[in-house]
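Visitor: I am new to this structure. Please show me how to read it.

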Amino acid sequence: MAKKSKIIKELKRQELVAKFADQRRELKAKADYMALQKLPRDSSPTRQKNRCAVSGRPRGYLSKFQVSRIVFRELALKGQIPGITKSSW
């Protein structure tokens with residue numbers, strides 16, 4: 001499980017990106033890069049990090065399912081992800 005502070009920080013980043021999205025789009029269209037630099041640093045969408053929805057783990061993230069590889073395996077073995085079966089040959 002990820003630290004609570006890391007998860008909360010990432011949620012605040014997502015809120016900032018949503019809040020300044022229109023303003024960033026307008027400034028980029030005008031090519032006003034000095035004004036873009038004055039916006040909060042965390043309002044840039046490239047600073048966001050994908051995290052597992054269940055455990056908050058930042059690495060091994062499967063974007064199709066929005067969980068980490070470890071949680072994905074646990075859910076797949078329990079049969080909680082439709083259409084996913086353990087392969088055997």
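Predicted model: local features only at pLDDT ≥ 70, side-chain atom pairs only at ≥ 80, totals over all residues.

Visitor: Which residues form the largest nonpolar core?

Guide: In soluble globular proteins, nonpolar side chains tend to be buried together. A nonpolar core is a set of buried Ala, Val, Leu, Ile, Met, Phe, Trp, Tyr and Cys residues joined through side-chain atoms within 4.5 Å. Buried means under 20% relative accessible area, exposed over 50%, partly exposed in between (1.4 Å probe, protein chains only). Here the largest core has five members: Cys52, Val67, Val71, Phe72 and Ile81.

Visitor: What is Phe72 in contact with, leaving aside its neighbours within four places in sequence?

Guide: Contact means heavy atoms within 4.5 Å. Beyond those neighbours, Phe72 touches Leu62, Phe65, Val67, Ile81 and Ile84.

Visitor: Is Arg73 buried or exposed?

Guide: Arg73 has a relative accessible area of 54%, so it is exposed. From Arg73 to Lys86 is 13 residues in sequence and 9.0 Å in space, C-alpha to C-alpha.

Visitor: Where does the largest pocket lie?

Guide: Domain bounds come from an automatic or database domain assignment. Both domain 1 (1-49) and domain 2 (50-88) give residues to the lining of the largest pocket, so the pocket lies between them.

Key:
Residues numbered from 1 in each chain as written. Heavy atoms only, no water.
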